[in-house]
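Have the model open as you read.

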Amino acid sequence: MERHFKPNHPDAAYIESEMNRYADIQQERWSRRVEVEVEGTETCAVCLEPLPRHPWLGDKGQAMMLCCASAICSDCDVQRKNKAGTSKSLNKCLLCRTPLPVLKNGQAFFRDGESEFEKYKKWSRKGKGFASYMIGKRYSEGVQDCKQDFFKAFEYFKLASEQGNDKAMTDLGVCLIQGEGCKVDYKKAKIWFEKAAKKENAKAMCYLAYFLVDPQFGFIVDFRKAQSLLLRSATLGFPPAQERVGLGYWKAEYGYPKDLDRAADYLQQAADQGEVSSMMALAQVLLEKAEKEYGSLNIMGESPMPRAINWMRRAGRLGDSEADRRAKITVDFFMKKNCMNCGALSADSGGTAKLKHCAKCKVVFYCSPECQKENWRDGHKRDCFKYMGR
């Protein structure tokens, strides 16, 4: 592609070279977009950047424009929404210029009267895997205008899988494991997990690893391959895989060596993403790690107690009653009896000191502001800040 300017312009050569360069860049971007569409890799239809595939990493995700079956990243969608009130043109699809749907009785309807669900069915008939997958999800979960129907969900997951959707392949495998809408068939489930894993689906990798470490599924046990799959899934940020790897390093299971540092690292990643069971496991690993390294849990500047107990409390707030119970017992029997600085006994333990907890971590107790300040300088500042920084 070339652009030409009048030769008598003083900067004609420079302008022409710059416009040619710009035209080449645009042509490359559009050719890259066509190439990407052929290969099946999803990119934002506006900025042409790859769409996030792993929402568990904190990616904002994507918005699907059902009018033209184009996906845009959340950043482009947010920019459109922020400017939507300033121009009527921005209340339309950024690509096909169709007016965006409006909400009626909690459902989105387009100008032609079709609902979102009807649009999904339309695109599903045209071979769009994302649409078939979304229909299957609605039947599986029983949301909005779809009554829960596992048999229909299975059929749509199967259709979407045949259309190349890796998320549908994974959910189809789960249906085959649990017998939802079909007979239990581990062999078929493994085949679909393998297909999804080739597309870098972290959830499928994790399920495939479970098949290879548990003989009850009827497959040859292969710890080495399972380790590789779990580590890849964990690297992609899938919380259950991070937890399983962390537990493997903690308990030296499934071929993993005992390594408390790595265990804490993987469990921390899973806990940060809200995996409740990982929070309790992380607290236990932190306590065991300190006991092994220092022979005590109350080494100033290296104490795991504030961090461990607050992970237990967080798990308790998310519904783990056992973690909440253990956090209370640990505080009441090990932390609440003495001043952390001078060791003065509390009134409840036969002493005279009236103890108050640290306002930040609410784990350690002191008999006076002077003791708190001294202990803060001696090391609790580091322990408390470790908790505040998770």
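Buried means under 20% relative accessible area, exposed over 50%, and partly exposed in between, with a 1.4 Å probe and protein chains only. Helices are DSSP runs (H or I, at least four residues), numbered from the N terminus. This is a predicted model: local features need pLDDT of at least 70, side-chain atom pairs count only at pLDDT 80 or more, and totals for chains, interfaces and linings use all residues. Residues are numbered from 1 along each chain as its sequence is written, and side-chain values use heavy atoms, with hydrogens and water left out.

**Helix 7**

The buried residues of helix 7 are Ala 189, Lys 190, Trp 192, Phe 193, Ala 196 and Ala 197. Seen down the helix axis, they fall within an arc of 165 degrees (taken from the directions from the axis to the C-beta atoms), so they line one face of helix 7. An α-helix has 3.6 residues a turn, so residues three or four places apart point the same way. Lys 187 and Lys 198 are exposed on the other side of helix 7.

Asp 185 caps the N-terminal end of helix 7. Its side-chain oxygen lies 3.2 Å from the backbone nitrogen of Lys 187. Just after helix 7, Glu 200 takes a positive phi of about 65 degrees.

**Ser 140**

Ser 140 sits in helix 4 (residues 129-141). Ser 140 is buried, at 18% relative accessible area.

Notes
Helix = DSSP H or I, 4+ residues; strand = E, 2+ residues; numbered from the N terminus. Polar contact = N/O pair within 3.5 Å; in protein donor to acceptor, adjacent residues only side chain to side chain.
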